[in-house]
Amino acid sequence: MTDPYRVLGVTHAADDQAIRAAYLAAIRACPPERDRLRFERVRAAYESVSTERDRWAHALFNVAAPTVPEVLEILSGDMPPGCPDKQRLYRLLGGR
């Protein structure tokens, strides 16, 4: 499961107003006419954490393990292009 906070570009401590502002900025940046897939991801992320009740439900019940592409997407922000080394992946996934 993709982290909706990461999709919206906010912290886990963000309130309703900050999440809504990030959502509006994200949909302005990627209207559905240009990038339908990204627009749908942003909309789904907003719907999953838009209210305090939704954020609590997400924190309590969303325990799906990340997929390999999601892990690589998370790692890609601070790594050069290419395959990450095994030691870094083990640390990320809680191994040695």
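Here is a short chat about the helices, core, rings and salt bridges of a predicted model.

Colleague: Which ground rules apply to the numbering and to the local features?

Modeller: Residues are numbered from 1 along each chain as its sequence is written, and side-chain values use heavy atoms, with hydrogens and water left out. The model is predicted, so totals for chains, interfaces and linings use all residues, side-chain atom pairs count only at pLDDT 80 or more, and local features need pLDDT of at least 70.

Colleague: Which residues touch the most other members of the largest nonpolar core?

Modeller: A nonpolar core here is a set of buried Ala, Val, Leu, Ile, Met, Phe, Trp, Tyr and Cys residues joined through side-chain atoms within 4.5 Å. Buried means under 20% relative accessible area, exposed is over 50%, and partly exposed sits in between (1.4 Å probe, protein chains only). The largest core has 13 residues, and those touching the most other members are Leu8, Val10, Ile19 and Val42.

Colleague: Which helices each supply at least two residues of this core?

Modeller: Helices are DSSP runs (H or I, at least four residues), numbered from the N terminus. By that numbering, the helices that each give this core at least two residues are H1 (4-8), H2 and H3.

Colleague: Leaving aside neighbours within four places in sequence, what is Val10 in contact with?

Modeller: Contact means heavy atoms within 4.5 Å. With those sequence neighbours set aside, Val10 meets Tyr5, Ala18, Ile19 and Ala22.

Colleague: How far apart are the ring centres of Tyr23 and Tyr46?

Modeller: Rings of Phe, Tyr and Trp (its six-membered ring) pair if their centres lie within 6.5 Å; planes under 30 degrees apart are stacked, over 60 edge-to-face, and the rest tilted. The count by this rule is one aromatic pair. Tyr23 and Tyr46 have planes at 15°, so they are stacked, and their centres are apart by 4.1 Å.

Colleague: How many residues apart are Tyr23 and Tyr46?

Modeller: Both tyrosines are buried. The pair links distant parts of the chain, with Tyr23 in helix H2 (residues 16-29) and Tyr46 in helix H3 (residues 36-49), and the separation is 23 residues.

Colleague: Is Arg55 buried or exposed?

Modeller: A salt bridge is a side-chain nitrogen of Lys or Arg within 4 Å of a carboxyl oxygen of Asp or Glu, and the count here is four. Asp16 forms one with Arg55, the closest N and O atoms being 2.8 Å apart; this links helix H2 to helix H4 across 39 residues. Asp16 is partly exposed at 38% relative accessibility. Arg55 has 12%, so it counts as buried.

Colleague: Which residues do salt bridges that share partners join into one network?

Modeller: Arg43 bridges to Glu40, with closest N and O atoms 2.5 Å apart, and those two are three residues apart in helix H3, about one helical turn. The side chains of Arg43 and Glu47 also meet in a salt bridge (3.1 Å, N to O). Through shared partners, the joined residues are Arg36, Glu40, Arg43 and Glu47.

Colleague: Why does His58 count as buried?

Modeller: His58 is in helix H4 (residues 52-61). Leaving aside neighbours within four places in sequence, its contacts are Asp3, Pro4, Tyr5, Ser48 and Val49. His58 counts as buried because its relative accessible area is 15%.

Colleague: Is Leu60 buried or exposed?

Modeller: Leu60 is in helix H4 as well. Its relative accessibility is 53%, so Leu60 counts as exposed.
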